Amino acid sequence: MTMKRTNGTTDQRAMGLGVLMVMAMLWLPGCAGRTGSPIAQLEPPTPPVLLADAAGASAQVSDATEKSSDDLFDPFAKSGEDGIEEYDPWEPLNTKVFEFNRQVDRWILKPVAQGYNFVMPNPVQIGISNFFYNLRFPPRFFNNIFQGKAKGAGIEMGRFLVNTTAGVGGLFDVAQHLDLKTPEEDTGQTLGFYGVGPGPYLMIPLLPPFTVRDLFGFLGDIALNPINWLVAPIIEVKGVPSVIAHKNRMTSSVVQLGSRVFEIVNDRSLNLEKYQGVEEATLDLYAAVRNAYLQQRAKAIRE
């Protein structure tokens, strides 16, 4: 009897650990243009959302400067304009998830971000955002290569080297002053580059908007980032050592989730006023976010 109870407890622990690992994989800052890119995209990143994830651009140093009119998206454009098809067969479920994310943002993320913003100086917040953006260099670099964009890959490599050294580990975006700028590339864009259709629009709890193609791309970006198998491994590569040993899965999960939550709060703090204005001025926020996200992704693939 004792043996059976022990086995049952072990099974429950293993199941719980598996759930944590899945959460860590989904919450990781997979691609720079979502997260997060921080509710994403009126966009990324990216954060568990939320309003920040669905309402605008991710808070990165590259987004700190004003964008030209060519980079602005019209969240109120009618379906079909600019060749964008709003394929949303799961809309009834998506709207419920979207509203859940909004409420999480309203009652949890935003208040925490407001407190964080009160104690953390804005230059420090920007530096933290730059640091996380710099860490996600590998997926951007590899996806430039996958799409045959040698110049873009070179610029990404240059940005990483300059910001990691002169920028003190990426805290300062020195590369922007050297005109080292290129459109961000991710695995979702690479799939689109090779003709994979976007598929249905999709909302997932505590994550920014996706299409089915972009969700697979998001997971691909996680796999392309060596941090996820060399530092705090959520991907185990046989024979490849890591800073946190593979056997210490709980430690890796805590590090991954902790860093992700910290980045999300930081990005939300950077965008408090921006997203407040978007939410107050938009009657149908779900449709506006969906339209803006699809426009942004279509434009990113064309580039």
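## Overall build

The chain has 12 helices and two strands. This is a predicted model. Along the sequence, the elements run α-α-α-α-α-α-α-β-β-α-α-α-α-α.

The chain has 303 residues, and 49% of them count as buried.

Start with helix α3, which covers residues 91–119. Its packing partner here is helix α11, residues 272–281. The two axes lie 11 Å apart. The angle between them is about 150°.

How are α3 and α11 oriented to each other: roughly parallel or roughly antiparallel? Angles over 145 degrees count as roughly antiparallel. The angle here is about 150°, so α3 and α11 are roughly antiparallel. The crossing of α3 past α11 is left-handed.

Glu 99 belongs to helix α3. Is Glu 99 buried or partly exposed? Buried means under 20% relative accessible area, and exposed means over 50%. Glu 99 has a relative accessibility of 32%, so it counts as partly exposed.

Now compare sequence with space. Glu 99 and Tyr 286 are separated by 187 residues in sequence. In space, their C-alpha atoms are 8.4 Å apart.

Gly 154 sits in helix α6, which spans residues 150–165. Its relative accessible area is 44%, so Gly 154 is partly exposed.

Gly 154 also makes a pair to look at. What separates Gly 154 from Thr 182 in sequence and in space? The sequence gap is 28 residues. The C-alpha to C-alpha distance is 9.6 Å.

Which residues make the nonpolar surface patch? They are Phe 131, Val 168, Leu 171 and Phe 172. The patch has an area of about 350 Å².

Take Phe 172 from this group. Phe 172 lies in a loop. That loop runs between α6 and α7, and α7 covers residues 187–193. Is Phe 172 buried or exposed? The cut-off for exposed is over 50% relative accessible area. Phe 172 reaches 51%, so it is exposed.

Note on methods
Residues are numbered from 1 along each chain as its sequence is written. This is a predicted model: local features need pLDDT of at least 70, side-chain atom pairs count only at pLDDT 80 or more; totals for chains, interfaces and linings use all residues. Side-chain values use heavy atoms; hydrogens and water are left out. Patches are made of residues with over 30% relative accessible area and no salt bridge: like charges are joined within 9 Å, nonpolar side chains (Val, Leu, Ile, Met, Phe, Trp, Tyr) within 5 Å. Accessible areas come from the Shrake-Rupley method with a 1.4 Å probe; for residues, only the protein chains shown count as cover. A salt bridge is a side-chain nitrogen of Lys or Arg within 4 Å of a carboxyl oxygen of Asp or Glu. Helices (H or I, at least four residues) and strands (E, at least two) are DSSP runs, numbered from the N terminus. Buried means under 20% relative accessible area, exposed over 50%, partly exposed in between (1.4 Å probe, protein chains only). Axes are lines fitted to C-alpha atoms, for helices over the stretch in contact, and angles run from 0 to 180 degrees between N-to-C directions. Angles under 35 degrees count as roughly parallel, over 145 as roughly antiparallel, 65 to 115 as roughly perpendicular and the rest as oblique. A crossing is left-handed if the near helix is turned anticlockwise from the far one by less than a right angle, and right-handed if clockwise.
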